[in-house]
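Dear colleague,

I am passing on to you the structure that I have been going through. Could you look it over with the notes below beside it?

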Amino acid sequence: MKRMRSSQLLRRAQRLIPGGVNSPVRAFKAVGGKPVFIKRAKGARVYDVDGNSYIDYIGSWGPMILGHTHPKIVSALKKTVEAGTSYGAPTEAEVELAELVLEAFPSMEMVRFVNSGTEATMSAIRLARAHTGRSRIIKFEGCYHGHADSLLVKAGSGATTFGVPDSPGVPLDIAKNTYTAVYNDLGSVREIFERDPEGIACVIVEGVPGNMGVVPPKAGFLEGLRVLTQEYGALLIMDEVMSGFRLCYGGAQTLYNIVPDITCLGKVIGGGLPVGAFGGRKDIMEKLAPSGPVYQAGTLSGNPLAMRAGIETLRLLKKKGTYEKLLNTTNTLCDGIEDIIKRRGLPLRIQRAGSMFTLFFTPEQVRNYQDAVGSDLEGFARYFGRMLSKGILLPPSQFEACFVSLAHTQKEVEETLDAVDKSLKNL
Ligand code: KE4
């Protein structure tokens, strides 16, 4: 595959934009080689600037659940843009999308729209701290909630000690308010609460983690978090930025029957335009300005285009049979890959949740971040490169999720399985 134009564009971009990209994972650092620059997309495929076509499993990291350029989304946006792009004033579309979101997430009595998942989780944590009057938070190793300072923190010498920055520029004074527990290990959470019974404002957890690869919650884990947070007077924040509408019409909380205090959303609810949202119990949300003292704001929050794309996306997802189709495609693909792994006797493992999945380069079950980092990252990088050359665009990191869309058909599944089989041969 020729990729001259992508290489030229990368050189030009690197002189102007750090790493030549506007989000680090796009730089292909974890898999080597150079990123492809995309020119256009349609359905289940993207086309790079050299004219190469790829079956797309990045799906803009989750939003493109309908597939790219869905005709209803395109026509709705064309119509909306003719009425203007942003007013900085309330609009009906924000009310419409709020109604759809609250209907899909009964645990949310009120919602506030923002422009990214990072803004959603950052604001949710501020709200939890204000509501409880406490400063410290618990997150999980391997879970990613965006790049707010409080969340770029890793475990100190031990999970129950204060956090340390996971990036330069995050002050120790901020990091020390974040504890990091072990995902799927309730004991590691209880230990922290027992050490700090009155100081924890919230526990934040991904609905189903996709940021260490897909790692489903063990039976009882999420329920246990709900019990522990209630026992110690902390809020439970479920970050469904990725899992929202990916597993069912709702979130992991719908599937696992959990009622969090605050939920964060993003990606799918903007249909590919910049969006985020956080919402929850009325008594908590009403503390937000202007109804309450907790400040949070945004120039483009509730942007008319993003709202319209979100409304039309959710309306289409509500249609009968949608999730059966999406999950059937995902399971056919994953079952096919499992057959290849078995037939070839390969030390690999697929983990899936709804319409997202990860092929881990380890034969062991991946229950937490330490398991995930035990994967053969070089093997994954070689696999990634072979798949790319066969016209399959995977997320360029072992610690990400592949996303299936409603535009992926049996044809794409067969083409993908053929590429997987050939790419895993003599890897
Ligand atoms: P954004 O700020 O990127 O919109 O959302 C942050 C975020 C919050 N919570 C969860 C569960 C997320 O998965 C994300 C962002 N996901 C990554 C994919 N691993 C976005 C890709 C990127 O960083 O470019």
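This is a predicted model: local features need pLDDT of at least 70, side-chain atom pairs count only at pLDDT 80 or more; totals for chains, interfaces and linings use all residues.

Residues are numbered from 1 along each chain as its sequence is written, and side-chain values use heavy atoms, with hydrogens and water left out.

The ligand is surrounded by 16 residues, the closest being Ser 23, Thr 118, Asn 211, Asp 239 and Glu 400 (a residue is near if one of its heavy atoms lies within 4 Å). By class, this shell holds five nonpolar, seven polar and four charged residues, where Ala, Val, Leu, Ile, Met, Phe, Trp, Tyr, Cys and Pro count as nonpolar, Asp, Glu, Lys and Arg as charged, and the others, Gly among them, as polar. Because domain 1 (4–69 + 320–424) and domain 2 (71–317) both give residues to the shell, the ligand lies between them; the domain bounds come from an automatic or database domain assignment.

As for polar contacts (pairs of N or O atoms within 3.5 Å), an oxygen atom of the ligand is 2.7 Å from an N or O atom in the side chain of Thr 118, and an oxygen atom of the ligand is 2.9 Å from a polar backbone atom of Gly 117. A nitrogen atom of the ligand is 3.0 Å from an N or O atom in the side chain of Lys 267. Of the 540 Å² that the ligand exposes when taken alone, the protein buries 85% (Shrake-Rupley method, 1.4 Å probe).

Pockets and cavities were found on a 1 Å grid over the protein atoms alone: in a cavity a 1.4 Å probe fits but cannot get out, a pocket is an open set with protein on both sides within 12 Å along at least five of seven lines, and lining residues have an atom within 4 Å of a point. Grid points are joined across faces, edges and corners, and a volume is the space filled by probe spheres set on the points.

The second largest pocket has a volume of about 440 Å³, and 24 residues line this pocket, those closest to its centre being Pro 90, Glu 94, Arg 112, Ser 301 and Gly 302.

There are two cavities of 30 Å³ or more. The largest cavity has a volume of about 130 Å³, and its 18 lining residues include Phe 357, Leu 359, Tyr 383, Leu 394 and Cys 402, the closest to its centre.

Best regards

Notes:
A polar contact is a pair of N or O atoms within 3.5 Å; within protein, one must be able to donate a hydrogen and the other to accept it, and residues adjacent in sequence count only if both atoms are side-chain atoms.
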